[in-house]
Amino acid sequence: MTRRIVLLGPPGAGKGTQAARVSTDFAIPHISTGDLFRVEIAAGSELGMKAKGFMDAGDLVPDEIVLDMLSARISEPDVASGFLLDGFPRTAAQAEALESRFEGGAIDLAVLLEVEEEELVTRLSGRWVCSNPKCSGVFHVVYSPPIVEGICDACGAALVQRNDDKPEAIRRRLEEYASKTSAVIDFYEARGELVRVDSSGSVEDVAGRIESAIDNAIPA
Ligand SMILES: [Zn+2]
């Protein structure tokens, strides 16, 4: 049995944190397309240089290049027993293209992290940063509030909220995610490869739920 898993979920669902946990606990490499780009570009590989050309021009890297990089990575010996993929696929076309590149498919299980929208808005819109350009203070109104509301603990300057962190912007991001990703979710669901995991509560609780879901779907 292989555990070739893709982790899906909205911004704010804790994908990065959970991916690191699951990767360690199941001893399978964590593969993120963002990291792949960085590695290939740093190595100066042909694919890396192609990707860099698009990124430098401010364009999205075409699916073909991402798929070439990813296919090469998931054919390496260290992922023979599985991997945890995060950040890809983002569209149904990408999901389909990835599956079609491997005989018998590329993915065994898609784990979808589910969080109520209101909870996501609270998590994502609570960030306030220090207005002092020399200070890197970052606070969260719920998870790491400053001692005095609106004031940086480190330097005493006023805290400000970036436009991207305002609730309206967060809601737009979540809508955009939902409109793109619903087709990816449908894709894996139709193949009988989707499990949904309640992603509310502590990091520990969520990690426990993800791991039981994986164990149930793909027993060791
Ligand atoms: Zn400060």
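Helix 4 and helix 5 are oblique to each other, a class left for angles that are not under 35 degrees (roughly parallel), over 145 (roughly antiparallel) or 65 to 115 (roughly perpendicular). The model is a predicted one, in which local features need pLDDT of at least 70 and side-chain atom pairs count only at pLDDT 80 or more, while totals for chains, interfaces and linings use all residues. Residue numbers start from 1 along each chain as its sequence is written.

The axes of helix 4 (residues 63-73) and helix 5 (residues 92-100) come within 11 Å and cross at roughly 40 degrees, where helices are DSSP runs (H or I, at least four residues) numbered from the N terminus, and where axes are lines fitted to C-alpha atoms over the stretch in contact, with angles running from 0 to 180 degrees between N-to-C directions. The crossing of helix 4 and helix 5 is right-handed, that is, the near helix is turned clockwise from the far one by less than a right angle. From helix 4, Asp-63, Leu-67 and Leu-70 meet Gln-94, Ala-97 and Leu-98 of helix 5, contact being counted when C-beta atoms, placed from the backbone, lie within 7 Å. By class, the residues of this contact of helix 4 with helix 5 are four nonpolar, one polar and one charged.

Asp-63, which lies in helix 4, is in contact with Gln-94 and Ala-97 once its neighbours within four places in sequence are left aside. Asp-63 and Ala-97 are 34 residues apart in sequence, yet 8.8 Å apart in space, C-alpha to C-alpha. Asp-63 is partly exposed because 16 other C-beta atoms lie within 10 Å, a residue being buried at 20 or more, exposed at 12 or fewer, and partly exposed in between.

Val-66, Met-69 and Leu-70 of helix 4, on the other hand, are buried; seen down the axis of helix 4, its buried residues fall within an arc of 95 degrees, so they line one face of the helix. Helix 2 (33-43), helix 3 (46-56) and helix 5 are among the elements that cover these buried residues.

Helix 2 packs against helix 4 at an angle of about 90 degrees, their axes being 10 Å apart, and the two helices are therefore roughly perpendicular to each other. Here Thr-33, Leu-36 and Glu-40 in helix 2 meet Val-66, Met-69, Leu-70 and Arg-73 in helix 4, a contact with four nonpolar, one polar and two charged residues.

How values were computed:
Contact = placed C-beta atoms within 7 Å. Nonpolar A, V, L, I, M, F, W, Y, C, P; charged D, E, K, R; others polar. Arc of directions from axis to C-beta.
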